[in-house]
Amino acid sequence: MGRVVLVVFTFVLIVVLAQLALVAASTRAQHLGILDVIGRSWEGTQDYFSSLFQGSLGEASSTSILGNQRRSMGEVLLDAYPTSMVLVGLAVLLATALGMLVGLASAATTSPRVRGALLSITVLAISTPSFLLAILLILLSATMVSRYGVRLWPSFGFGWDDHLILPVLVLAARPFAQIANITYVALDETLGSDYVRTARSKGLRESVILYRHALGNAVVPILGAIATALSIGLSTLPVVEVFFSWPGLGFSLLQAIRRFDAATAGTLLGALAMTIAVVRFGLDAIAARFVRAATGAAA
């Protein structure tokens with residue numbers, strides 16, 4: 001119950017702040033006082049929630065990707081939300097798989113050079129801004145076409161095919177680095193524990209120790225890293241969707257902000273925030289099960 005209240009409170013707070021920020025931005029030329037800005041924001045917030053309590057999210061006229069026509073906010077969400085969540089879901093899955101693989105290899109290797117090379121990749125991935133990575137990949141594609149006539153992937157546009165490649169790669173880059181680093185730290189600490197040394201003294205194979213014992217005890221911090229990866233992916237979403245002309249929540253959000261449409265911006269931000277909260281709660285529940293299982297086993 002407490003988590004449901006938290007999600008609802010977060011949604012209300014985002015709508016209120018969106019109203020306040022966009023009303024202040026849209027009236028800046030009028031040099032209104034703070035009380036006038038707050039008053040107009042309060043009126044907009046009241047209208048929004050009055051409509052919401054009547055079962056309607058209102059109309060969204062600021063999303064040019066939908067043909068510059070007035071549509072209900074529910075229709076906008078039904079169109080844009082799945083389009084964005086497919087991108088984010090694929091990016092998090094890719095980041096999780098590659099991140100765990102690199103973290104696992106870094107912790108398991110005995111070569112300082114290999115470990116340094118693998119961890120350097122994660123540092124490069126997390127240090128490169130998403131917009132810069134997007135530009136570099138677009139330039140790479142253009143260079144391959146102009147010089148060699150080889151088309152690696154589409155650089156822009158929407159499609160459930162190879163149009164997914166660039167947006168997913170850019171969205172996955174920083175989450176991959178986060179998961180890889182956390183996996184490495186968790187496994188490296190676990191591999192130095194007493195029970196792992198005992199298992200080695202009994203002659204167990206290193207692969208058995210790594211996958212059955214060490215990885216199982218490092219699941220909780222890895223799940224936390226995946227939750228953080230989701231937050232990173234959603235925060236990067238607007239930049240990625242604008243660069244690659246992907247008609248999702250991020251693109252619609254920036255259109256709403258550009259046109260000072262506080263109701264649409266608040267709804268889209270609320271949808272993103274609620275997605276983060278729900279997934280985090282789910283991962284927390286899974287982590288709690290692992291903790292209880294480990295505690296019971298230890299007992």
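T45 is buried, at a relative accessible area of 6%. Buried here means under 20% relative accessible area, exposed means over 50%, and partly exposed lies in between (1.4 Å probe, protein chains only). This is a predicted model, where local features need pLDDT of at least 70, side-chain atom pairs count only at pLDDT 80 or more, and totals for chains, interfaces and linings use all residues. Residues are numbered from 1 along each chain as its sequence is written, and side-chain values use heavy atoms, with hydrogens and water left out.

## T45 and helix α2

T45 sits in helix α2, which covers residues 34-53. Helices (H or I, at least four residues) and strands (E, at least two) are DSSP runs, numbered from the N terminus. A polar atom of the T45 side chain lies 2.8 Å from the backbone oxygen of S41. Setting aside neighbours within four places in sequence, T45 is in contact with V16 and Q19. Contact means heavy atoms within 4.5 Å.

I38 also belongs to helix α2. I38 is partly exposed, with 41% relative accessibility. From I38 to A265 the C-alpha distance is 18 Å, while 227 residues separate the two in sequence.

## The whole chain

The protein chain has 11 helices and 2 strands. From the N terminus, the order is α-α-β-β-α-α-α-α-α-α-α-α-α. The C-alpha trace spans about 75 × 60 × 35 Å along its principal axes.

How much of the chain is buried? Buried residues account for 42% of the 299 residues. Of the contacts between residues at least 6 apart in sequence, 71% join residues at least 24 apart. The chain exposes about 15,800 Å², and carbon and sulfur atoms supply 66% of that area. Accessible areas come from the Shrake-Rupley method with a 1.4 Å probe; for residues, only the protein chains shown count as cover.

The chain carries 20 positive and 15 negative charges, and their mean positions are 11 Å apart. Lys and Arg count as positive, Asp and Glu as negative; His and the chain ends are not counted. Each charge is placed at NZ of Lys, CZ of Arg, CG of Asp or CD of Glu.

## One salt bridge

Side chains of opposite charge can pair when their charged atoms come close. The structure holds 1 salt bridge. The term means a side-chain nitrogen of Lys or Arg within 4 Å of a carboxyl oxygen of Asp or Glu. Here D162 and R151 form the pair, at 3.4 Å from N to O. Both D162 and R151 lie in the loop between α5 (130-148) and α6 (165-191), so the bridge ties together parts that are 11 residues apart in sequence. D162 is partly exposed at 27% relative accessibility, whereas R151 is exposed at 52%.

T128 lies in the loop between α4 (112-127) and α5. T128 is buried, with a relative accessible area of 17%. Its side chain reaches the backbone oxygen of L124 at 2.7 Å. This is a polar contact (a pair of N or O atoms within 3.5 Å; within protein, one must be able to donate a hydrogen and the other to accept it, and residues adjacent in sequence count only if both atoms are side-chain atoms). Not counting residues up to four places away in sequence, T128 touches L133 and R174.

V240 belongs to helix α9, residues 219-243. V240 is buried, with a relative accessible area of 1%. Beyond residues up to four places away in sequence, V240 touches P167, V170 and L171. V240 and V168 are 72 residues apart in sequence, yet 8.9 Å apart in space, C-alpha to C-alpha.

## Around helix α10

Helix α10 covers residues 249-258 and is mostly covered, with 7 of its 10 residues buried. Among the buried residues are L249, F251 and L253.

Most residues other than glycine have a negative phi, and most peptide bonds are trans. Which residue just after α10 takes a positive phi? F260 does, at about 55 degrees. S245 also has a positive phi, near 55 degrees.
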